[in-house]
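Work through the exercises below with the model open.

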Amino acid sequence: DTQFNYEWVKGCRELLTESGTIWVCGSYHNIFSVVNVLTELDFRILNAVTWQKTNPPPNLSCRFFTHSTEILVWARKSKKVAHFYNYELMRKLAGDRQMTDVWRMPAIAPWEKTCGKHPAQKPLALVVRAILASTQKDDMILDPFAGSSTTGIAANMLGRKFVGIEQDSGFLKMSKARRILLDEKCDEWAKKIPDLRVLG
């Protein structure tokens, strides 16, 4: 719904610092509407990153192409105020080459579902890369649709502050359980995330 997208993006814009950026992940069902809203609200779109799933679920109907990608739109609040981009780190993670806007990563792994399942849960590796690319230590990250708080888990692992908003009490309980588990599993989880393995 375009009006709904307009309202939540506008709310996020009001909270962003002048140099702040926003990431929105979605499929063709909603991402085009969000891009139109970002443009209408005067964001500067920086990239449309394609997340290519290396292990997409099969197309059971066999009546169209298998859905194997999602789009992450990265945009900054101000067209005139520079944003933060950790170019050197992204280059290092890409094997000493410029990182492209196609990220090949698997879909969510079983170990990420130990506290329950969320229908739109993203893999930690995907969110970790976005956070590493566009934020610095102690930055504040807001997720207005926190779900099972993958963004929060990634933010905590990377030394960022986090505020999440979620209306479903079941997902809030899942988020809390995952956050408690993070204290025990942080080192183990970090070893499963390719970018964090590179960083040591």
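**Exercise 1.** Find which helices and strands each supply at least two residues of the lining of the largest pocket.

Solution. The model is predicted. Start with the helices: H1 (2-15), H4 (124-134) and H5 (150-157) each supply at least two lining residues. The largest share comes from E1, with six residues.

**Exercise 2.** Describe the space in the largest pocket and the residues around it.

Solution. Take the volume: about 1600 Å³. Next, the lining: 49 residues, with Trp23, Leu142, Asp143, Pro144 and Thr151 closest to the centre. Then sort the lining by class: 24 residues are nonpolar, 20 polar and five charged.

**Exercise 3.** Do the work again for the second largest pocket.

Solution. The volume is about 230 Å³. The lining has 13 residues. Nearest the centre lie Ile108, His118, Pro119, Ala120 and Gln121. By class, six lining residues are nonpolar, two polar and five charged.

**Exercise 4.** Which residues make the nonpolar surface patch of about 480 Å², and why can Val163 count towards a patch?

Solution. List the members: Leu15, Met140, Leu142, Val163 and Ile165. Locate Val163: strand E6 (residues 161-164) holds this residue.

Terms used
Residues are numbered from 1 along each chain as its sequence is written. This is a predicted model: local features need pLDDT of at least 70, side-chain atom pairs count only at pLDDT 80 or more; totals for chains, interfaces and linings use all residues. Side-chain values use heavy atoms; hydrogens and water are left out. Patches are made of residues with over 30% relative accessible area and no salt bridge: like charges are joined within 9 Å, nonpolar side chains (Val, Leu, Ile, Met, Phe, Trp, Tyr) within 5 Å. Accessible areas come from the Shrake-Rupley method with a 1.4 Å probe; for residues, only the protein chains shown count as cover. A salt bridge is a side-chain nitrogen of Lys or Arg within 4 Å of a carboxyl oxygen of Asp or Glu. Helices (H or I, at least four residues) and strands (E, at least two) are DSSP runs, numbered from the N terminus. On a 1 Å grid over the protein atoms alone, a cavity is a set of points where a 1.4 Å probe fits but cannot get out, and a pocket is an open set with protein on both sides within 12 Å along at least five of seven lines; lining residues have an atom within 4 Å of a point. Grid points are joined across faces, edges and corners, and a volume is the space filled by probe spheres set on the points. Ala, Val, Leu, Ile, Met, Phe, Trp, Tyr, Cys and Pro count as nonpolar, Asp, Glu, Lys and Arg as charged, and the others, Gly among them, as polar.
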